[in-house]
Protein chains: 2
Amino acid sequence: MNRHRNHKFIKINVNQLTNRMSPPQFIMLIFLLLIFIGTVLLSLPMSAASGLSVGLLDAFFTATSAVCVNGLVVVDTGTVYSVFGQIVIAVLIQIGGLGFMTMGVILAILLGKKIGLKQRLIIQQTTQSKSTSGLVKLCLYIFCIAFAFEAIASVILTFRWAGEMGWGQAAYNAVFHSVSAFNNAGFALWSDGLSSYIGDPVVNIVIITLFVSGGLGYIVIVELFRKRTWKKFSLHTKIVLLSSAILLGVGFVLLLLLESFNPATFAQLSWSERGWAAFFQSATPRSAGFNTLDINSMLSSSQLLIIILMFIGASSGGTGGGIKTTTFFVLILATINTFRGGGQIHAFDRKISMDIIMRALAVVVSSIACVLAVSLMLTVTEGMYEDHFLEVLFEATSAFSTTGLSMGLTSELTSTGKVIVAITMFIGRLGPLTLAYALAKKSRKSKLGYPEDHVLIG
Amino acid sequence: MNRHRNHKFIKINVNQLTNRMSPPQFIMLIFLLLIFIGTVLLSLPMSAASGLSVGLLDAFFTATSAVCVNGLVVVDTGTVYSVFGQIVIAVLIQIGGLGFMTMGVILAILLGKKIGLKQRLIIQQTTQSKSTSGLVKLCLYIFCIAFAFEAIASVILTFRWAGEMGWGQAAYNAVFHSVSAFNNAGFALWSDGLSSYIGDPVVNIVIITLFVSGGLGYIVIVELFRKRTWKKFSLHTKIVLLSSAILLGVGFVLLLLLESFNPATFAQLSWSERGWAAFFQSATPRSAGFNTLDINSMLSSSQLLIIILMFIGASSGGTGGGIKTTTFFVLILATINTFRGGGQIHAFDRKISMDIIMRALAVVVSSIACVLAVSLMLTVTEGMYEDHFLEVLFEATSAFSTTGLSMGLTSELTSTGKVIVAITMFIGRLGPLTLAYALAKKSRKSKLGYPEDHVLIG
Ligand SMILES: [K+]
Ligand SMILES: [K+]
């Protein structure tokens, strides 16, 4: 009897299994698989510069960070990993960031296969597009855009760096940092990030352009290329552009203002360097994760500001994380609307449905719960008698929002801490909605017809 | 011409002015007036124990803290203020907590006046009741309940303390702390709060009963007395009781667990003392503000937990603050519902309307914004080169949620910091909704008929 069952169970082949899975479940599985492969590769002795394996835990942490385009590191990428290890990291970043599914579609096209509805649904989920038609075209478009951005940036950076490090090194660094920047991964080959180029216009402009473009999301970039005028943009694109601009502006002004009081950062810099530094550090929390200033030397107030910006994060359907700029915008809109007495919620002469507002609510509530729970766990595992709460909150938010900026705690994490942060990076990359849909049981429609009753709020 | 206008302006008398005000505006005005009167009285030399005025700023801070039933103090209430000053504080607490309007109605009844619709609307706003009918009866009921609770508690505490401090002192302390506890004010006459009674069952039970009852809100207490069985309770009462019980339980277990590792707190205590201490400290963030453990000696993790509990706070229509247990419950419910695929949101076989969920959303978004903005300002004004962010976040949340617990920052605040915290206490006591309605221009109904458009969330 038992034997018979086992036999039957084995007969359910992989194909049947993937057919039974919903798109969110499939996406989760692929991410887990990528992390597993990355862990194996990075734990090989040949991946380490010393020729001795970095160990399973650190390889697992690095692979998770790369696949989830996070950028938090427990060992220094530039010195601990060999060139082979660094290439593995770059490939994981590219697959995790560009979207393995986009890659899958391209592969399928190249191999002449037909793409079924199932696959279309999965691509739709990862690229957050509205319909399942025209997806192949979209994927090709995305691939071309990503390639064009990274190629052009690599060329420019190679020329910029050739003088100081020779053509070979310059090209290698240029490609690695271009891939890392466009995919909002934040992995750098220098232990102080991009601090050597704090006032360098070329490096600043190229890197910022890359990660801002990647963080806007493919839909927005495609619309920017295709429609070109504000009036023709969709509501989504308008909200993304407006809220990104506001967050960038507010962050720039506040950081410039606050850090001007800081002898550890701005005192040694010229005014143009200060401007670039404030601009870079206000853009990077939109989940790029690069930095040109030592985050740990900044004022607590600036660090809190960066935490808030990281939590809001980038835009949907891109390589960035966080609750997303659109979620933030919709929540503020709904709040102001309620304070004004309610009614229809609208922006740019378009109505925003209750469904979207409820999604925004669910995302923000679960995200706050996640960051607070992780912070609580880390205050226990990482030196429970010390008070370094801002650092803990910073790393928790950075892990969840896939930003990868650090005040220094991550490099000193305990083993338990590393596992907690790795899981947080994974949850953050999938996002609360995808994760919930992947883990939820079959959706039960709630029974209709309950009588309404009043509850006092606030 | 100008003269004529001035003349006309003066003619608009106070009566006309109050008639033009909305209930939220009226409530705000009365609170400001109470704070003004309190400031004047507490700055008198006779209010200070030394006979020398405590100064306008500290008097203003204490008056605001008392009227807003907060409990944060910049000077020690027991040693700095005279008996006269302490009585002023107790009266301000009673008026601010019990609700000046309830008091006003009682006075009006005693004076034989008729209560108009306008007054009824104001009472409705302050007591958060559903209709304007039966308000006089409700006010009387509330008054009787408050008086009964405080009287019985005072008698018990007098007997408890008579042995150690004599009948006169015992009675004085009993009345002061009963008033402070029932109104969730958290003002104590001892500088270490109630730490001397950490394991004392009588003091623990009496004080906890008082502030928990006050924090449940009058509607719930009235229902508890009148309806008695769970089935007959309204949805509001059921949600309040359930979420309060869950928060109390979770807080108790976590604090007991976490502090067991702490040599600075639980190591010196017996098991029964630990139990009482964990119970007291898990109940007090529901905005009572008393403490039997030194909050500053607790672990960062426990402090973070208390911050979260303070932010959630007590229940609507009572003497407590925070976003309220019902708001928290509704948000969690809406989030889970969205993750399960949407549909009608319901609890205890009752539907919860979109209107209520939107109010909850507005309250939580504006409350988070307020606490973060205040924290950001305090990191700048209170030693911008030091990292004591957890303390700053703790005091900001404590001020906003009218809890009044402190890790010690408040007693060392700069003058600017005192003003910021005082304003936060005021905003927190009024609540975001009342404040917004008081400050908002006449409600503009949004234009109907915008076409819907999609936005990507999360
Ligand atoms: K990143
Ligand atoms: K209080």
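Reader: How many helices and strands are there in chain A?

Author: First, a heads-up: this is a predicted model, where local features need pLDDT of at least 70, side-chain atom pairs count only at pLDDT 80 or more, and totals for chains, interfaces and linings use all residues. Residues are numbered from 1 along each chain as its sequence is written, chains are lettered from A and ligands numbered from 1 in the order in which they are written, and side-chain values use heavy atoms, leaving out hydrogens and water. Helices (H or I, at least four residues) and strands (E, at least two) are DSSP runs, numbered from the N terminus. On that basis chain A has 20 helices and two strands.

Reader: What share of chain A counts as buried?

Author: Buried means under 20% relative accessible area, exposed over 50%, and partly exposed in between, using a 1.4 Å probe and protein chains only. Chain A has 458 residues, and the buried share is 57%.

Reader: Which residues are the protein donors of the potassium ion (ligand 1)?

Author: Donors are N, O and S atoms within 2.8 Å of the metal (3.2 Å for Na, K and Ca), and water is not among the atoms, so sites may look incomplete. Along the chain the donors follow the spacing V-N-x113-N-x102-S-A-x113-T-T. They lie 2.5 to 3.0 Å from the ion, each through its O atom: A:V69, A:N70, A:N184, A:S287, A:A288, A:T402 and A:T403.

Reader: Is A:N184 buried or exposed?

Author: This residue sits in the loop between α10 (167–182) and α11 (201–216) of chain A. Most residues other than glycine have a negative phi. With a relative accessible area of 0%, A:N184 is buried.

Reader: Which residues coordinate the potassium ion (ligand 2)?

Author: The donor spacing in sequence reads V-N-x113-N-x102-S-A-x113-T-T. At 2.5 to 3.0 Å, the ion is coordinated through O atoms of B:V69, B:N70, B:N184, B:S287, B:A288, B:T402 and B:T403.

Reader: At what angle do the axes of helix α10 and helix α11 of chain B cross?

Author: Contact means heavy atoms within 4.5 Å, and here B:H177, B:S178, B:A181 and B:F182 in α10(B) meet B:I207, B:L210, B:F211, B:S213 and B:G214 in α11(B). Axes are lines fitted to C-alpha atoms, for helices over the stretch in contact, with angles from 0 to 180 degrees between N-to-C directions. The axes of α10 (residues 167–182) and α11 (residues 201–216) come within 7 Å and cross at roughly 35°.

Reader: How many residues of α16(B) are buried?

Author: The buried set includes B:F329, B:V330 and B:L331. Those buried residues pack against α17 (354–381) and α20 (432–439) of chain A, together with α13 (235–259), α15 (300–312), β1 (346–347) and α17 (354–381) of chain B. So α16(B) is largely enclosed by the rest of the structure, and of its 15 residues the buried ones number eleven.

Reader: What is the relative accessible area of B:D349?

Author: B:D349 lies in the loop between β1 and β2 (350–351) of chain B. Though not a glycine, B:D349 has a positive phi of about 60°. B:D349 is partly exposed, with a relative accessible area of 46%.
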